[in-house]
Amino acid sequence: VFAMAGEDGGKGGKGGKGTASDKKKRAPQSRSSRAGLQFPVGRIHRHLKARVSRQGRVGATAAVYMAAICEYLCAEVLELAGNASRDLRFLSSSYSSLGYL
């Protein structure tokens, strides 16, 4: 009538937590690489926690979102600078070539 655990019912597999040989030790992976970003998610999360007034409580995805926004804006600015330097025949852009001096 009712299937016991390990029989036809359930999610399948052997059940249990497995043995020590089943657990493969993986190398630690940064949150930036997990999110597919170049900007440092952990560092941004640390700075966000320092600035917030609610006892340093910041959601885990807030830093990922903020890093993605910063990376996107940086890529856009670099693309525009590259286009401008190509139009003006500069090989690289510097602080003085941007018109600040």
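Colleague: What percentage of the 101 residues in the chain is buried?

Modeller: This is a predicted model: local features need pLDDT of at least 70, side-chain atom pairs count only at pLDDT 80 or more, and totals for chains, interfaces and linings use all residues. Residues are numbered from 1 along each chain as its sequence is written, and side-chain values use heavy atoms, with hydrogens and water left out. Buried means under 20% relative accessible area, exposed over 50% and partly exposed in between (1.4 Å probe, protein chains only). Of the 101 residues, the buried share is 8%.

Colleague: How many helices and strands are in the chain?

Modeller: Helices (H or I, at least four residues) and strands (E, at least two) are DSSP runs, numbered from the N terminus. Along the sequence the pattern reads α-α-α. The count is three helices and zero strands.

Colleague: Which residues make up the largest nonpolar core?

Modeller: Nonpolar side chains tend to be buried together in soluble globular proteins. A nonpolar core here is a set of buried Ala, Val, Leu, Ile, Met, Phe, Trp, Tyr and Cys residues joined through side-chain atoms within 4.5 Å. The largest one has five residues: Leu37, Val41, Ile44, Ala63 and Ala67.

Colleague: Which helices each supply at least two residues of this core?

Modeller: One contributor spans 41-51. The other covers residues 60-87. Each gives at least two core residues, and they are H2 and H3.

Colleague: Why does Ser32 count as buried?

Modeller: Ser32 belongs to helix H1, residues 31-35. It touches Leu37, Phe39, Pro40 and Val41, leaving out residues up to four places away in sequence. Ser32 counts as buried because its relative accessibility is 12%.

Colleague: Is Val64 buried, partly exposed or exposed, and what is its relative accessibility?

Modeller: Val64 lies in H3. Beyond four places in sequence, it contacts Ala35, Leu37 and Val41. Its C-alpha is 8.6 Å from that of Gly42, 22 residues apart along the chain. Val64 counts as partly exposed because its relative accessibility is 27%.

Colleague: How far is the C-alpha of Arg34 from that of Val64?

Modeller: Arg34 is in H1. It counts as exposed, at 59% relative accessibility. Arg34 and Val64 are 30 residues apart along the chain, yet their C-alpha atoms are separated by 9.8 Å.

Colleague: Which residues form a nonpolar patch on the surface?

Modeller: Like charges are joined within 9 Å, and nonpolar side chains (Val, Leu, Ile, Met, Phe, Trp, Tyr) within 5 Å. Accessible areas come from the Shrake-Rupley method with a 1.4 Å probe, and for residues only the protein chains shown count as cover. With about 460 Å² of accessible area together, the members are Tyr65, Ile69, Tyr72 and Leu73.

Colleague: What is the phi of Gln55?

Modeller: Most residues other than glycine have a negative phi. Gln55 sits in the loop between H2 and H3, and it is exposed, with a relative accessible area of 74%. Its phi is positive, near 55°.

Notes: Patches are made of residues with over 30% relative accessible area and no salt bridge: like charges are joined within 9 Å, nonpolar side chains (Val, Leu, Ile, Met, Phe, Trp, Tyr) within 5 Å. A salt bridge is a side-chain nitrogen of Lys or Arg within 4 Å of a carboxyl oxygen of Asp or Glu. Contact means heavy atoms within 4.5 Å.
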